[in-house]
Amino acid sequence: MSLNIIRLCVGCESIEDLRDWQETHNEAPDYPGCVFTMTTMYPKRAEEIIGKGSLYWVIKGRIAVRQGIVAINRTLGPEGEQRTRFVLKAEWIQTVPTPTRPFQGWRYFDAEKAPPDLGSEADDAMPPEMAAELKTLGLL
């Protein structure tokens, strides 16, 4: 079982917003085919995550998509402050939309709690809002 990270995607209305933002603002040139996101705190359990875990994005109150974590680097922000850079695969894997409570920053996210990926043709044919409602009702 891999250890993952869960993080709020503040300012995004959809997975497409996240994808567009990362592709235009957050490409990781030192990691071809990857993008990144910045945060303040460095995970103490980074070795359990790098290359094995994913970053699960919460968009509009629901876990919606995940990206594999390639690297976690310490870096400096624009004013010399310590920052952490999560280097992510530029592959956005949709998950079954799963409601979650608000939180600040990022959290560790055990694989047992992670929603399944949307991958079958039946899943792809279902609108995300409908899948979320069915999950809420315990039917998915």
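In the predicted model, the side chains of Arg 7 and Thr 37 are joined by a polar contact of 2.7 Å. Arg 7 belongs to strand E1. A polar atom of the Arg 7 side chain also lies 2.9 Å from the backbone oxygen of Met 38. Although Arg 7 is buried, no salt bridge is formed by this residue. When residues up to four places away in sequence are not counted, Arg 7 touches Thr 37, Met 38, Thr 39, Leu 55, Tyr 56, Trp 57, Val 58, Phe 103, Gly 105 and Trp 106.

Nonpolar side chains were examined next. In soluble globular proteins, such side chains tend to be buried together. In this model, the largest nonpolar core comprises 20 residues, and those with the most contacts inside it are Ile 69 and Phe 86. Two or more residues are given to this core by each of strand E1 (3–8), helix H1 (15–25), helix H2 (46–49), strand E3 (54–59), strand E4 (62–76) and strand E5 (82–89). The most is given by E4, with four residues.

With neighbours within four places in sequence left aside, the contacts of Ile 69 are Ile 5, Ile 49, Ile 50, Gly 51, Lys 52, Gly 53, Ser 54, Leu 55, Phe 86, Val 87 and Leu 88. Another core, of seven residues, lies apart from the largest one; among its members are Ile 6, Tyr 56, Phe 109 and Ala 114.

Definitions and conventions: Residues are numbered from 1 along each chain as its sequence is written. This is a predicted model: local features need pLDDT of at least 70, side-chain atom pairs count only at pLDDT 80 or more; totals for chains, interfaces and linings use all residues. Side-chain values use heavy atoms; hydrogens and water are left out. A nonpolar core is a set of buried Ala, Val, Leu, Ile, Met, Phe, Trp, Tyr and Cys residues joined through side-chain atoms within 4.5 Å. Buried means under 20% relative accessible area, exposed over 50%, partly exposed in between (1.4 Å probe, protein chains only). Contact means heavy atoms within 4.5 Å. Lys and Arg count as positive and Asp and Glu as negative; His and the chain ends are not counted. A salt bridge is a side-chain nitrogen of Lys or Arg within 4 Å of a carboxyl oxygen of Asp or Glu. A polar contact is a pair of N or O atoms within 3.5 Å; within protein, one must be able to donate a hydrogen and the other to accept it, and residues adjacent in sequence count only if both atoms are side-chain atoms.
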